[in-house]
Amino acid sequence: QESFTFNPLYDGYANLLDVGVRNLNPQHSVCATRILFDSLGWIDDQTKTLQLYMMVQNRNGFGRIGASRLTFDITIGGSVEVDLLVGSAYSADPSEQIAGI
């Protein structure tokens, strides 16, 4: 499974969750996440870092995008350190801008 293949881009393992973009059943990502966490133990006592990325695009044709990264670092003593990075920008290349529907 792709979720269990090391991804050098993220320096770890990645699983993409659909938030409605691909028109999947709304419960698809919830079900996939439950399988990864509950049944397969995707996060276990060896997990050091968990990062959640979210990217959104304003599809009105102006090319505005926003991105966030939420990081949980789990220390040896069992503490959890949290870091949040948020940013937004315009697409510099007009060909990458998508006109609204």
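Here is a short tour of this predicted model, stop by stop. Residue numbers start from 1 along each chain as its sequence is written, and side-chain values use heavy atoms, with hydrogens and water left out. Local features need pLDDT of at least 70 and side-chain atom pairs count only at pLDDT 80 or more, while totals for chains, interfaces and linings use all residues.

**Stop one: Leu9.** Select Leu9 and you land in the loop between strand 1 (6-7) and strand 2 (12-13); strands are DSSP runs of E, at least two residues, and helices are runs of H or I, at least four, numbered from the N terminus. Leu9 has 70% relative accessibility, so it counts as exposed (over 50%; buried is under 20%, partly exposed in between, with a 1.4 Å probe and protein chains only).

**Stop two: Thr47.** Now hop to the loop between helix 1 (28-39) and strand 3 (49-57), where Thr47 sits. Thr47 is buried because its relative accessibility is 19%. Show its side chain: it reaches the backbone nitrogen of Asp44 at 3.0 Å. Leaving aside residues up to four places away in sequence, Thr47 touches Trp42 and Ile74 (heavy atoms within 4.5 Å).

**Stop three: Arg69 and Asp83.** Select this pair to see their side chains meet in a salt bridge, 3.8 Å from N to O (a side-chain nitrogen of Lys or Arg within 4 Å of a carboxyl oxygen of Asp or Glu). Arg69 lies in strand 4 (residues 64-74) and Asp83 in strand 5 (residues 80-90), 14 residues apart. Arg69, at 26% relative accessible area, is partly exposed, and Asp83, at 37%, is partly exposed too.

Methods
A polar contact is a pair of N or O atoms within 3.5 Å; within protein, one must be able to donate a hydrogen and the other to accept it, and residues adjacent in sequence count only if both atoms are side-chain atoms.
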